[in-house]
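Here's a quick briefing to read alongside the coordinates. Have the sequence and the 3D view open as you go.

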Amino acid sequence: MSLGIPQAGPSRSRTPSLYLGQKEGSIRSRSRGLSPSSTGNSTSSLSPSLSSSPSREIQPESVEQNGTGTEAGGSNLADARIGLKRLISRDLTTNPISKPTLSPTLSPNISGNGEAKGTDRGMVLGNGKGKEREVGFSPRRYYILTHAGKPVFDSLEVEEDQTTNMMGVIQALISIYAESEDKLRSIKRGRHKIVFLLRSPVYLFGTSDWGEPDFVLRTHLELLHLQLLSIVTEVQLKKVFARQSNFNLRRLLEGTETSLHTLLNDMQMDLTFMTSALQPMRMAPALRDAAGQALAPTDKISDLLYVLLLVNDKVVTLLRPRKHSIHPTDLHLLMNVLRSSPGLKSSETWLPLCLPKFNPNGFVYALIDYVKDNIGLIFVSADREGFEPLQAWKKSVVKKLEMDNMFSKLEMAGLADPYLCIDPGYPGLRHFWYKSRQNVQVTMPVWEAPYDEPNLARRRLVTIYQRLYDGIHARSGQAEPLKQAFIRTDSEACLGWITPSFELYVAVDAHLPKSAAVAAANAVARWVRKQEAWMFLREAPVF
Amino acid sequence: MATRKKVLLKVIILGDSGVGKTSLMNQYVNKRFSNQYKATIGADFLTRELVVDDRVVTMQLWDTAGQERFQSLGVAFYRGADCCVLVYDVNSSKSFEALDGWRDEFLIQASPHDPENFPFVVLGNKIDMEDSKRMVSQKRAMTWCQSKGNIPYFETSAKEAINVEQAFQTIAKNALQQEAEVELYADYPDPIKIDAENQQGYGGCSC
């Protein structure tokens, strides 16, 4: 139990020792103009000096937001709000959000080296005085509640009184801000952070002590919300709560929570969700094209939306109608459903689901068939009665693929897909990821030691990447986006770099100078560009 | 099949300051009573599980501050309540006379779907005090309850744990009536027509 609100009552009196919005913690509400990234012109080759373009060494200095919580005009109302805030702050103070599971040796230990002062906002890695501060990296926790304060989902799956009480506190807190037409966005206290996403009739919030920028948790919550919509659709959700605001949504979702758990689990270390991008399988373009040709419908199949070929849960090819493009987020949600239900791989399935970015108000239908253990064919149709014609066509497609010996070729290609970070041939390079902005796709090597396990080292590296990304895309309301950003810890030195055609993040050995990180980035960029045809899915047939 | 998730009932407790709302809740949930008075600031939350008609339900009790300066917690706070408990002190006429106001406040703020039939329960608390102090007779209270659509009425003592269990059992039972099963998929959404020309386009991956 990591986030708990004690049962407050006479028998458990405690002194309110902290007021949110003051020095020790802060409440952040209402959008502070978080704008999507926009980068101006930039150089496509990186000079070691990094002087010609906006770049910054991001220091672990904590620049905590001052509270922007509003106080209402009417005195009664204001009193009520202050009182409730006091209650809630008391609860948050007396019960730390999560147990401090600190390991001094694994903390990022970013010591200020006197270089550029960090101005990145919302980072809580340090304590604001340049002193080292340990960072927990304990498991994050996520919750969904209804706008009446009834619990819907808890990522730890405990059903206990403390959670139920806390949902009430959270709903009350949100409603205090809602009264003054404000939106509660986050609460910070030291290392701990609670981020909210209000999507009435449901509210979502997540807790973390990783020191990541707010947008990371918010992205997680947004995806969690979209996955929820993929089960119930937005229009149904709104309708049922309009009829009955006391509706117990939790009971309705029973049995489908697995997909939410899988999603949250996969998102912890994933960079494709965050960038809303796809990581296709790395393979010979000729083979990809051949597979795409075999899947292209020869006759018109009405209401066919997408055809997807997966190997090892990676996209080989994706066919779409001329008039539509598929939103990567919808694809992530669909693939998450596949990952979370092993049963879907054992037999042919006709699955209704909502792809909320395509249309949040209706279901589409997916014909899912894993022709081999690791090779899946997915046909998505808007036609509820479309199973039989699709199945007939799928049979002919499978026959065609078999005749070309395509399945064994794909299995071979799947084995050759992963690559190592030594492949670009730069010594000292530990990991990188590259996003092709034009294709909205990413590529990265497999995780190698010390990041091979989803352990603290990988959590730390992913969090550093996220902070670089935050600086480069100005996701936390920074004055301007950076073209390059650099973070050094005791364990690694990381550089983020954006150009009009790509963005690239590299991690090198900690003792290497910044110029080495720059050289590594140049080497990776050259190497990936040479391989682009293999790395990315560039041209797939449309129908 | 997985264990069926429990029904959760949201129960709001209203009444003047000092009538014993928090004490009743504490007696019910923690089996404890304290003579010390501590004003509730804003709101407080307690949870208890119980069995009603063979169903296990979780009651989420929303204790509110009776003091006027903490009122007006707002629409959002009362939203989606399954039952509202009105508490007064039998030794205080003023707290009894305030019930009308509390009931109206709730109905206005929560605006339940069917206000005529929304379940209220009235509790006359502090019956452990000497008879000479009693200001509101049982008859008077019951007459009021009847006039408001036969609201169930209990006389309780949080201190002596009199009638507390029974009262909350009734609260849960009446709240449960609000909790009707909704057939979410009863009306199937309109099918999506992807060949229609007016489908919205959106940015994103063009792969």
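Is A:Phe502 buried or exposed? A:Phe502 counts as buried, because its relative accessibility comes out at 0%. Keep in mind that this is a predicted model.

**Around A:Phe502**
- A:Phe502 sits in strand β17 of chain A, which covers residues 502-509.
- Going C-alpha to C-alpha, A:Phe502 is 4.7 Å from A:Ser436, even though 66 residues separate the two in sequence.
- Leaving aside residues up to four places away in sequence, A:Phe502 touches A:Tyr434, A:Lys435 and A:Arg437, plus A:Trp497, A:Ala525 and A:Arg529.

**The Longin annotations**
- An unreviewed UniProt entry puts the feature "domain: FUZ/MON1/HPS1 second Longin" at residues 303-398 of chain A.
- For residues 428-532 of chain A, the make-up is 34% helix and 30% strand, with 23 Å between the end C-alpha atoms.

**How α6 and α8 pack**
- Helix α6 (residues 257-267) and helix α8 (residues 328-340), both of chain A, pack with their axes 9 Å apart and at an angle of about 110°.
- That angle is why α6(A) counts as roughly perpendicular to α8(A).
- On the α6(A) side, the contact uses A:Thr258, A:Ser259, A:Thr262, A:Leu263 and A:Asp266, while α8(A) brings in A:Asn336, A:Arg339 and A:Ser340.
- By type, the residues in this contact of α6(A) with α8(A) split into five polar, two charged and one nonpolar.

- A disulfide is a covalent bond between the sulfur atoms of two cysteines.
- Searching the whole structure turns up zero disulfides over all chains.
- A:Cys421 is in no disulfide, and the nearest cysteine sulfur to its own, that of A:Cys494, is 12 Å away.
- A:Cys421 is buried, with a relative accessible area of 5%.
- A:Cys494 counts as buried too, at 0% relative accessibility.

Notes: Residues are numbered from 1 along each chain as its sequence is written. Chains are lettered from A and ligands numbered from 1 in the order in which they are written. This is a predicted model: local features need pLDDT of at least 70, side-chain atom pairs count only at pLDDT 80 or more; totals for chains, interfaces and linings use all residues. Side-chain values use heavy atoms; hydrogens and water are left out. Axes are lines fitted to C-alpha atoms, for helices over the stretch in contact, and angles run from 0 to 180 degrees between N-to-C directions. Helices (H or I, at least four residues) and strands (E, at least two) are DSSP runs, numbered from the N terminus. Angles under 35 degrees count as roughly parallel, over 145 as roughly antiparallel, 65 to 115 as roughly perpendicular and the rest as oblique. Contact means heavy atoms within 4.5 Å. Ala, Val, Leu, Ile, Met, Phe, Trp, Tyr, Cys and Pro count as nonpolar, Asp, Glu, Lys and Arg as charged, and the others, Gly among them, as polar. A disulfide is a pair of cysteine sulfur atoms within 2.5 Å. Buried means under 20% relative accessible area, exposed over 50%, partly exposed in between (1.4 Å probe, protein chains only). UniProt positions are given in the numbering used here, feature names are shortened, and annotations may be inferred rather than shown by experiment.
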